Amino acid sequence: MELDSALLSRLQFAFTVSFHIIFPSITIGLATLIAIWEGLWLKTRNPLYLQLAKFWIKPFAITFGMGVVSGIVLSYEFGTNFSKFSELTGAVLGPLMAYEVLTAFFLEAGFLGVMLFGWQRVSARLHFFATCTVAVGTWISAFWIIAANSWMQTPAGHAIVDGKFVVESWLEVIFNPSMPYRLVHMLLATMLTAGLVVLATSAWYLRRKEHIAFARKGLSFSLWWLLIFAPLQAFVGDLHGLNVKEHQPVKLAAMEGIWPAREQNVPLLLFAIPDPVQEKNHFEVAIPGMASLILTHDWHGELTGLQSVPKADRPNVPLVFFSFRVMVGLGVLMIMLALWGLWLRRRDALYQQPLFLWLCSLMAPTGVISVLAGWYVVEVGRQPWIVYGLVRTSEVVSPLPAERVALSLTLFVLTYSLLFGVYLYFFRKLIKKGPPPLEDLQHHLIGVEASGYALALTKTLQGNDTQTEGAK
Amino acid sequence: MDLPLFYFLLLGFAILMYVLLDGFDLGIGILYPWFRDEADKDQLMRSISHVWDGNETWLVFGGVILFGAFPAAYAGLTSALYAPIMLMLIGLIFRGVAFEYRFKSTTSKRWWNRAFAIGSTVAAFCQGLMLGVLIGGTPLVSASPLDLLTPFTLFTGFALLAGYALLGCTYLVMKCRDGRQQRAARYGRRLVWVLMGAMLVVSIATAMGSDEIWQRWFGGWHFLWLWPLPLLSVLAARLLYRDLGRVQRQLKAGAIPHSRHEDRPFWLAVSLFALGFAGLLVSLFPAIVPGKLSYVEAAAPQASLQFMLPGVLIFVPLILAYTCWGYRIFAGKVEDFSEGY
Ligand code: HDD
Ligand code: HEM
Ligand code: HEM
């Protein structure tokens with residue numbers, strides 16, 4: 001009974017948080033892109049940039065909405081399903097999340113209204129300011145929540161008094177050992193995810209020979225974007241891995257599929273099927289010594305394996321192992337794509353090469369998939385600990401009857417499946433509709449649609465109201 | 001002032017802000033079925049589509065202040081209220097996405113109307129239900145969700161629906177013209193009666209619920225300084241009722257209502273809620289998990305309370321400032337031409 005509700009609570013959390021992260025990983029990057037395009041438009045007055053901003057703001061809005069509603073669930077789920085966890089760690093995690101709300105969520109929400117609905121009510125510059133504020137708000141939000149999560153991975157700066165966590169140094173809590181790596185890696189991931197969505201859409205238009213000028217701009221821009229961020233991500237990911245080796249050696253062993261307690265000359269497994277029962281790998285395809293080289297910078301370097309800890313302290317190895325390979329594999333694919341793009345650009349064939357465009361449009365979901373895979377490595381690899389090395393997940397679940405959690409989990413699965421379908425439907429619809437025509441955008445600059453027009457109009461109308469009242 | 005008390009009051013402030021702000025936009029969702037015309041529905045939604053997200057953020061804020069400043073209370077309350085919280089969240093999900101999808105839909109508009117109306121109603125009802133449950137003392141985590149459904153909690157659920165709908169009506173009186181304004185004023189006047197009746201019943205039931213609360217209101221001379229609460233409520237309700245009546249009459253006569261009578265009802269409804277909330281605070285203080293924990297017992301260690309303090313002192317005023325700025329940009333009546341992205 002007890003165990004069931006624990007498992008269900010974990011499933012529910014994993015399901016709801018996985019659903020949530022899909023949307024932030026698009027919105028953080030997309031908000032940044034839209035802000036950049038709006039800025040470029042103000043600077044160069046090239047209407048294609050305005051068109052890009054005006055087009056992408058619509059998918060952005062629906063994605064943001066999904067992010068908000070699914071996020072609110074999470075902020076209550078810590079208490080509903082992991083009540084003992086919140087009681088033990090509330091003094092550490094609560095203030096971090098309070099800062100997230102104070103410095104990020106209100107900021108995003110407050111300026112989002114102006115960003116989405118204010119085109120006709122504020123000047124173009126003020127609108128740009130609102131867009132930038134929303135983008136910065138999403139980064140700040142990532143900062144705090146990643147700090148909270150990283151503290152659970154590599155706790156620091158705390159003391160334990162009466163079994164509860166008390167903070168001794170906030171600086172150490174926030175900038176705990178894995179936080180800088182995770183934050184940078186995550187923000188880069190969102191940039192890639194959004195960039196890939198833009199790339200895929202532009203390539204799709206080009207293949208259908210629609211909105212050519214717009215699509216070329218989008219494709220070219222997002223390929224440069226990818227060319228910068230994809231290699232950078234691999235570099236940061238490598239550093240992140242070194243950090244994991246230092247602080248969470250068992251997780252690293254699961255990522256790399258290392259079983260012996262200590263092993264030298266560790267091969268890099270390109271593929272294998274880890275077997276937790278026999279404690280070895282099947283069907284290995286490996287590069288000898290490579291893992292040692294990457295992680296210790298020495299062909300013969302020694303790494304800790306899974307057998308160094310009892311079975312009860314190991315995570316689900318195959319899940320961590322495969323998720324890691326999915327993420328890295330897709331990361332490598334992104335780098336290759338960006339390089340191919342560069343090569344085609346050199347030869348002036350960027351917008352014609354059909355195979356390339358086809359591949360680009362297939363890449364649309366790969367950002368989201370890598371983000372999820374990455375988080376599975378991080379979170380499943382942390383098990384059986386909820387606060388690494390200190391608190392076990394199984395000890396802190398709310399004493400709820402299993403049926404109640406089963407019911408809520410079912411409701412979430414139904415609701416979210418339905419909404420995800422709806423989200424994809426509307427996303428597709430917006431993409432199919434295409435960007436607003438340039439002529440319409442010219443109208444945006446004059447008449448009813450111009451910046452500040454609506455505000456002026458309502459003011460005059462109100463002026464009239466008061467006059468008529470005065471006449472009465 | 002000691003820090004736990006400060007955070008207790010801050011929590012009260014966050015809850016009140018949430019109830020007022022999301023109150024009017026949930027209220028509009030509750031009123032949705034009574035505005036049949038698609039054009040009406042368009043306008044109702046347009047009047048809040050730029051603010052609902054910010055309004056709902058106060059709910060998140062309340063949650064994390066509880067989490068950060070009173071972890072034991074956060075853990076105890078949320079797990080004990082598991083079922084209504086989950087249901088409320090799902091209601092909020094449906095109404096939240098309806099904002100985005102309704103305007104972009106052609107064939108499924110009907111469904112988004114329903115998602116918006118039902119989602120808002122379910123969320124508001126669950127909130128009222130939880131209020132009723134907490135007035136009666138916090139249940140055990142193992143108690144069945146069905147035990148939470150008593151006549152009293154059902155009553156508070158419906159009472160909060162009526163209250164939010166009233167806030168919604170007064171907001172619409174402020175933001176709409178002509179027919180819609182007329183209709184909002186008419187519903188609003190009826191709801192004033194409903195809400196006053198409900199407040200009376202809840203107050204009496206709360207006071208009679210426990211000896212301690214009874215003593216607090218009627219024992220000794222306390223009543224001397226507590227009487228303004230009920231008295232001011234009655235005065236506010238009376239003025240509200242008359243203002244809405246004036247708006248109705250002027251509209252009937254074909255005139256444009258005086259802007260004072262259009263705007264004041266909203267603030268009067270707000271003050272009704274604030275007074276009711278103050279009354280509740282008087283009854284429940286210093287409990288934070290009613291019947292189980294006081295705010296002092298539940299408070300987080302000093303280090304956590306101190307760490308949040310600069311954040312609260314700097315950012316809450318800032319948030320209030322830019323929130324007001326946001327409302328000012330969209331001030332005035334909702335117009336018929338479509339605005340936005
Ligand atoms: C790295 C990014 C990231 C991660 C790991 C998370 N979130 Fe998130 N969250 C965001 C990035 C974000 C965001 C970009 O700030 C969102 C997405 C869309 C949005 O509206 O804001 C957001 C929205 C959002 C909201 C709604 C905010 C509002 O009302 O405007 C809440 C309450 C949460 N999140 C809570 C959480 C919790 C409790 C998480 C962990 C378990 C979490 N988020 C993981
Ligand atoms: C947003 C991306 C994230 C994803 C995709 C993700 C994924 C997961 C998954 C799959 C689990 C289940 C692990 C298991 O039980 O085997 C889990 C558990 C959990 N995660 Fe995350 N996580 C994310 C971010 C976070 C953040 C930012 C926090 C905290 C601030 C967090 C806190 C937790 C907690 C409390 C649990 C539940 C207890 C547990 O099972 O360990 N997660 N998450
Ligand atoms: C290409 C080489 C890459 C390497 C070497 C790499 C490496 C890593 C490592 C070591 C972790 C941390 C595991 C932990 O802390 O337990 C991680 C996590 C993660 N990765 Fe990657 N990664 C790569 C590419 C990518 C790509 C392309 C994306 C997404 C577009 C991505 C998204 C993530 C995410 C979202 C996480 C979890 C959050 C975080 O720790 O930042 N990664 N990655």
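A residue is counted as near a molecule if one of its heavy atoms lies within 4 Å of that molecule. In this predicted model, 19 residues are found around ligand 2, and those that come nearest are Arg10(A), Asn149(A), Glu379(A), Arg382(A) and Gln383(A). Three of these residues are described through their side chains: an N or O atom of Arg10(A) is 2.8 Å from an oxygen atom of the ligand, whereas a nitrogen atom of the ligand is 3.3 Å from an N or O atom of Asn149(A), and a nitrogen atom of the ligand is 2.6 Å from an N or O atom of Glu379(A). Two or more residues of the shell around ligand 2 are given by each of the elements H1, H4 and H12 of chain A, with the largest share, 5 residues, coming from H1(A). By class, this shell is made up of 13 nonpolar, 3 polar and 3 charged residues.

The iron atom of ligand 2 has a single donor from the protein, the OE of Glu379(A), at 2.2 Å.

Ligand 1, in turn, is located between chains A and B. Around this ligand there are 26 residues, of which His20(A), Phe64(A), Val68(A), Glu108(A) and Ser141(A) come nearest. Polar side-chain atoms from both chains lie by oxygen atoms of ligand 1, at 3.0 Å for Glu108(A), at 3.4 Å for Asp53(B) and at 3.5 Å for Thr57(B). At least two residues of the shell are supplied by each of helices H1 (2–44), H2 (47–81), H3 (83–117) and H4 (124–153) of chain A, and likewise by helix H3 (52–69) of chain B; the largest share, 8 residues, comes from H2(A). The shell around ligand 1 has 16 nonpolar, 8 polar and 2 charged residues.

At the start of H11(A), the backbone nitrogen of Leu355(A) has a side-chain oxygen of Gln353(A) within 3.0 Å.

How values were computed:
Residues are numbered from 1 along each chain as its sequence is written. Chains are lettered from A and ligands numbered from 1 in the order in which they are written. This is a predicted model: local features need pLDDT of at least 70, side-chain atom pairs count only at pLDDT 80 or more; totals for chains, interfaces and linings use all residues. Side-chain values use heavy atoms; hydrogens and water are left out. Donors are N, O and S atoms within 2.8 Å of the metal (3.2 Å for Na, K and Ca); water is not among the atoms, so sites may look incomplete. A polar contact is a pair of N or O atoms within 3.5 Å; within protein, one must be able to donate a hydrogen and the other to accept it, and residues adjacent in sequence count only if both atoms are side-chain atoms. Helices (H or I, at least four residues) and strands (E, at least two) are DSSP runs, numbered from the N terminus. Ala, Val, Leu, Ile, Met, Phe, Trp, Tyr, Cys and Pro count as nonpolar, Asp, Glu, Lys and Arg as charged, and the others, Gly among them, as polar.
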